[in-house]
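Dear colleague,

Please find below the structure that I am handing over to you. A short account of the findings comes after it.

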Amino acid sequence: MVAADGIDPARPPVRLAKYLAHAGVASRRAAEQMIAEGRVTLAGEMVTDPARDVAEGDAVGVDGRPLAGPEPRVVYALNKPPGVVSTARDTHGRTTVTELLDAGGLRLYPVGRLDVDTGGLILLTNDGELANRLTHPRYEVPKTYRARVGGGPLGEGALGELRRGVELDDGPTGPAKARRLGPQLLELTIAEGRNRQVRRMCEAVGHPVLELTRIGFGTLRLGRLAPGAHRRLSDDEIAELGREL
């Protein structure tokens with residue numbers, strides 16, 4: 001394991017849970033659990049307080065293995081094909097998004113998961129804290145989808161319902177940005193992340209989804225990235241993403 005977006009020597013101490021998250025070990029919440037379980041050491045001693053400070057030069061270990069030196073954070077944009085799962089591992093032997101790129105041994109976190117039948121833009125990073133912040137409901141990072149739908153031509157009534165918010169079995173959704181691209185082609189932007197939300201919203205207004213692709217995540221756009229292809233984001237793109245949080 002290696003530290004991602006390493007700690008600048010000029011910076012003040014960092015809390016242990018945050019340090020682990022930035023090191024690509026786990027999200028901050030998962031890191032707190034690991035610390036509570038006694039799996040983390042600081043300067044050779046077991047630590048169970050996630051708020052313990054990590055200063056420059058402190059040796060941190062997880063499960064008996066030391067974390068290596070600092071390494072730049074990486075974020076990739078990937079065009080997930082339908083049929084690929086948005087997890088790092090799959091117990092059913094299906095292809096995962098992390099198998100579609102060579103990260104040089106880095107542990108990557110999928111950011112903004114897509115259901116197996118949905119294709120399009122997904123992010124992968126070795127910064128667990130960034131992954132958590134980009135998907136936390138508090139920050140309402142917008143995601144944009146293009147949907148081919150059934151149920152006949154899209155009318156203003158259905159678009160109006162989507163824009164006002166739709167009543168689902170787990171409660172009403174927030175207002176969405178919706179525009180018609182064709183008789184049965186819709187662009188929808190939401191800031192929530194419920195399970196299969198776009199599909200359920202479209203079903204609720206009488207237009208079941210036939211094909212769904214995510215084309216935008218925050219400030220990023222899928223563009224011409226081919227299905228299965230990926231690219232590493234520039235520092236400017238990562239900084240622009242961060243400005244939304």
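This is a predicted model: local features need pLDDT of at least 70, side-chain atom pairs count only at pLDDT 80 or more; totals for chains, interfaces and linings use all residues.

Residues are numbered from 1 along each chain as its sequence is written, and side-chain values use heavy atoms, with hydrogens and water left out.

**Overall form**

The secondary structure comprises six helices and 19 strands; helices (H or I, at least four residues) and strands (E, at least two) are DSSP runs, numbered from the N terminus. Along the principal axes, the C-alpha atoms fill a box of roughly 65 × 35 × 35 Å. Of the 245 residues, 44% are buried (under 20% relative accessible area, with a 1.4 Å probe and protein chains only). Among contacts (heavy atoms within 4.5 Å) with a separation of 6 or more, 63% join residues 24 or more positions apart.

**Nonpolar cores**

A nonpolar core is a set of buried Ala, Val, Leu, Ile, Met, Phe, Trp, Tyr and Cys residues joined through side-chain atoms within 4.5 Å. The largest one has 37 residues, and L20, V60 and L123 have the most contacts inside it. Helix α1 (residues 16-22) supplies the largest share of this core, four residues. A second, separate core has 32 residues, including V97, L106, V166 and L188.

**Helix α5**

Within helix α5 (residues 197-204), the buried residues are Q197, V198, R199, M201 and C202. They pack against β12 (143-149), α4 (156-164), β13 (167-168), β16 (185-190) and β17 (209-217). Just after α5, G206 adopts a positive phi of about 85 degrees.

**Residue T98**

T98 sits in the loop between β9 (75-80) and β10 (109-111). Its side chain makes a polar contact (a pair of N or O atoms within 3.5 Å, one able to donate a hydrogen and the other to accept it; residues adjacent in sequence count only if both atoms are side-chain atoms) with the side chain of T96, at 3.0 Å. A polar atom of the T98 side chain also lies 3.2 Å from the backbone oxygen of A88. Not counting residues up to four places away in sequence, T98 touches T87, A88, L108 and L124.

With kind regards

Notes:
Buried means under 20% relative accessible area, exposed over 50%, partly exposed in between (1.4 Å probe, protein chains only).
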